[in-house]
Amino acid sequence: MVSEILQQSHLVDGEAEVNLQKQGNELPSQILNGRHGKSGSDRSSVRPSLDYNCGDDNTGIASYRDVPSSVNIDIQPDTLRKKARQQREMTFQDMCNNLDIFEDDDEDDDDDSDWEPLQKLREIMKWFCTNCTMANLDVAVHCDSCGEHRESGILKHGFFAPSFLHESTLLEAELETRTDKGMVSQVSTSNSSTAIGFDERMLLHSEVEMKSHPHPERPDRLRAIAASLATAGIFPGRCYPIPAREITKEELEMVHSAENIQAVEVSSNVISCYFTPDTYANKHSAQAARLAAGLCADLASEVFSGRAKNGFALVRPPGHHAGVKQAMGFCLHNNAAVSALAAQAAGAKKVLIVDWDVHHGNGTQEIFEQNKSVLYISLHRHEFGRFYPGTGAADEVGTMGAEGYCVNVPWSQSGVGDNDYIFAFKQVVLPIASAFAPDLTIISAGFDAARGDPLGMCDVTPAGYAQMTYLLNIVSGGKLLVILEGGYNLRSISSSATAVIKVLLGESPGCDLDDPLPSRAGMKTVLDVLAIQKNFWPVLESSFSQLQSQYEIYTTQRRKPRKKRGRGVVPPLCWRWSRKRLLYHLLKGQLRDSLDICSSCYCLVAHF
């Protein structure tokens, strides 16, 4: 019985914390901070009386405000000043320890009407943006971070809904007409080649405990992508679904330890629990994780066998942080790892996993770092170990005879965009992938490096993701499986996912970056990676020598003279694409040459 293995202990804030403990057979110890019931407590607030009391020792203490105005009372000013000074100098701890000095009569204790304004001040009205989850004051109509309208239709129409307008009847009619036309024109297409893995039961995986800020990994992520695909007439329409199934325990044991698998399964017996402070689970999470892994495994088999040309796994929870022994980083089961082994079970000898999520896939690397049949390449923010999860340095290349089969491209700063990613693809990813010659390519497609993402803070556009998909599509003869990982700006993730699926359907990526010009930091990162990986992949030797000779010239041309100035204020990168973009450029000093003084009113005028 669940009640026999759960014990509750009250926390300081009144929440009930559930600990899974050993009862007979030893249960997993990874589930932390499981909670049952409602949070909060019935603690009564301690408050000092605002009434000044006076009188002789042989009289009862009377409240001054309770005495009628017609009665004359000789109040000593010195006494009042002394009492007021005493209360001002007391700390909150002193008040708690000396409650007797604040005693009032029973009638006064029952009257708390004078505290209602303070109660209202503490409850500041606010709303959270559907698109980026950032908090905004109730009077605001648009999100202060991303500019999304408070009542936008992104969950109904995806990124096709305008971000700055309220969902209107005219807009709905236009979008529905577009959807119907797209579906009519595409449903007649026989033998669709792109398979989609999706199941609505994965939407039940959500954070139960209400916190001060919504969790970024939320069901709306799938809803926004599904709405975008439906509005575009892609799915349903041009793509076909595969039936969902739950992954078996035997399949999971090829990737995770028995303890880890059991820890996820036990979460279905509790209302809410946490594997790590940011990795939640509810009673539906274990099934959602099994469905996600099962869909990914079946898609890998479909694509490798040729029954589908390629596929896209629209799944959650994500998986690339889930390691052998622990669920972490929003991830429960490692979907990419399960897919790779499922493809090998179907006959694939070599599998390539390219992970472009902004976070390093530490779980995937851990699972395959000793395996030469699976090549893992990751492009991610690293910042010398300061960015989550801290792993994925360029010198992490694999172990136990599999050196060179882990390739990490660790960006040293935020703001990395299309040019840096495409440059790394052409200099590192594609040469190594071609030399490896995989039978199947899997993309761990996190879209949190996309422009506008609140966690990634990078600058990759949907066109950039489409271009990277196009480049990888030819590596293994077009046998390509894309698995959704992270991405927490709904507009960014839905537009990027749609662009990727269009490439899978055979459409052009839109723009061709034949000779991308990377940033100086991006080129330095690529050179560092080439210097290490050329020891394992000789195909990189010529490219490294050529880039090394050009690096000094390149940095000299790109270097600009810097003017000495104060440290100033560093604006958040998200301001760059919000309504605060003008202020962002002003603070960054990028508008100096574009600002003039208006002769009529002596105000600054910006020219774009």
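Colleague: How many disulfides does the count come to?

Modeller: The count comes to 0 disulfides, a disulfide being a pair of cysteine sulfur atoms within 2.5 Å. Please note that this is a predicted model, in which local features need pLDDT of at least 70 and side-chain atom pairs count only at pLDDT 80 or more, while totals for chains, interfaces and linings use all residues. Residues are numbered from 1 along each chain as its sequence is written, and side-chain values use heavy atoms, without hydrogens and water.

Colleague: Is Cys-132 buried or exposed?

Modeller: Cys-132 counts as buried because its relative accessibility is 3%; buried means under 20% relative accessible area, exposed over 50%, and partly exposed in between, with a 1.4 Å probe and protein chains only. Cys-273, at 0%, is also buried.

Colleague: Turning to helix H12, how many of its residues are buried?

Modeller: In H12, 18 of the 21 residues are buried, so the helix is largely enclosed by the rest of the structure. Helices (H or I, at least four residues) and strands (E, at least two) are DSSP runs, numbered from the N terminus.

Colleague: Which strand pairs with S12 over 4 bridges?

Modeller: Strand S17 (residues 480-484) pairs with S12 (residues 310-313) in the parallel sense; two strands pair if DSSP finds at least two bridges between them. Within this pairing, Val-482 of S17 is the bridge partner of Phe-312.
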